[in-house]
Amino acid sequence: MNDDESRTFSPFSLLFLSFFSPFSLRLLYLTRIVDCCWQDIVEIMMKSWNNGSPAATFNNAAQVVNHTFFWESMAPNAGGKPSGDLAAAIDRDFGSFDEFKAQFSAAGATQFGSGWAWLSVNNSTKKLEVSKTPNAENPWVYGSATPILTMDVWEHAYYVDQRNKRPDYIANFYNLINWDAVAARYAAAL
Ligand SMILES: [Fe+2]
């Protein structure tokens, strides 16, 4: 049995698929909506957040926003380091790229249970900041910062490839970051 087959039929994969497929299909359906109606999805998310007393639709709307943003944070043959204004801002606000990585990794590693790590632009100071949020929550609904990068730390994001080793998944995430996309978001957030 080759590696692909062992992945397909392993109990872990079946567990993953049984959990993830309904959500994935729902996400696929909603992602079709995102193609035409991104602002509508964001508006549903913001309204259903209901000032911190979320309505039933909040989790689905927010997870479509979060995952779409996550997929677009990555690219094949990506990773490395940012350049230009974003690199300068990271040095200015964290001291170095390595310190940014340390803070972002810590945010992902210390998020208890399911959630997300974020790099955002503070809406008041325009400085970069790292944060973490539980479940489907995100900096948009909190209102004080505009995200430019996110990392999914729900267990389903890493369990198939890395089992329970979230730190391994986080370390590998830096090989996937689409810094061009993040830099464009940074410029738009200023
Ligand atoms: Fe996820």
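Aspartate 152 counts as buried, with 22 C-beta neighbours inside 10 Å. In this predicted model, aspartate 152 is found in strand S3. Once its neighbours within four places in sequence are left aside, aspartate 152 is in contact with Phe70, Trp116 and Ala157.

Of the 190 residues, 29% count as buried. Among contacts between residues at least 6 apart in sequence, 60% join residues at least 24 apart.

The largest nonpolar core has 27 residues. Those with the most contacts inside this core are Ile90, Phe104, Ala117, Trp118, Leu119, Leu128 and Met151. Two or more residues are given to the core by each of H4, helix H5 (97-110), strand S1 (115-122), strand S2 (128-134), strand S3 (145-152), helix H8 (166-173) and H9. Of these elements, S1 gives the most, with five residues. The surroundings of leucine 128 illustrate the packing: neighbours within four places in sequence aside, leucine 128 is in contact with Ala89, Ile90, Asp93, Phe94, Leu119 and Val121.

Helix H4 was examined next. In H4, Leu86, Ala89, Ile90 and Phe94 are buried. Seen down the axis of H4, these buried residues fall within an arc of 105 degrees, so they line one face of the helix. An α-helix has 3.6 residues a turn, so residues three or four places apart point the same way. The face of H4 turned away from its buried side carries the exposed residues Gly84, Asp85, Ala88 and Arg92. The cover over the buried residues of H4 includes H5, S2 and H9. Just after H4, glycine 95 takes a positive phi of about 100 degrees.

A corresponding analysis was made for helix H9. In H9, Trp179, Arg185 and Tyr186 are buried. These residues cover an arc of only 120 degrees around the axis, which puts them on the same side of H9. The buried residues of H9 pack against H4, S1 and S3.

The contact between the two helices can be described in terms of both geometry and composition. The axes of helix H4 (residues 84-94) and helix H9 (residues 179-189) come within 9 Å and cross at roughly 75 degrees. Because angles of 65 to 115 degrees count as roughly perpendicular, H4 is roughly perpendicular to H9. On the H4 side, the residues in the contact are Gly84, Asp85, Leu86 and Ala89; on the H9 side, they are Val182, Ala183, Tyr186 and Ala187. By class, the residues of the contact of H4 with H9 divide into six nonpolar, one polar and one charged. Leu86 and Ala89 are among the buried residues of H4, whereas Gly84 and Asp85 are exposed. Tyr186, which belongs to the contact from the H9 side, is one of the buried residues of H9.

Key:
Residues are numbered from 1 along each chain as its sequence is written. This is a predicted model: local features need pLDDT of at least 70, side-chain atom pairs count only at pLDDT 80 or more; totals for chains, interfaces and linings use all residues. Axes are lines fitted to C-alpha atoms, for helices over the stretch in contact, and angles run from 0 to 180 degrees between N-to-C directions. Helices (H or I, at least four residues) and strands (E, at least two) are DSSP runs, numbered from the N terminus. Angles under 35 degrees count as roughly parallel, over 145 as roughly antiparallel, 65 to 115 as roughly perpendicular and the rest as oblique. Two residues are in contact if their C-beta atoms, placed from the backbone, lie within 7 Å. Ala, Val, Leu, Ile, Met, Phe, Trp, Tyr, Cys and Pro count as nonpolar, Asp, Glu, Lys and Arg as charged, and the others, Gly among them, as polar. A nonpolar core is a set of buried Ala, Val, Leu, Ile, Met, Phe, Trp, Tyr and Cys residues joined through C-beta atoms within 7 Å. A residue is buried if 20 or more other C-beta atoms lie within 10 Å of its own, exposed if 12 or fewer, and partly exposed in between; C-beta atoms are placed from the backbone. The arc is that of the directions from the helix axis to the C-beta atoms.
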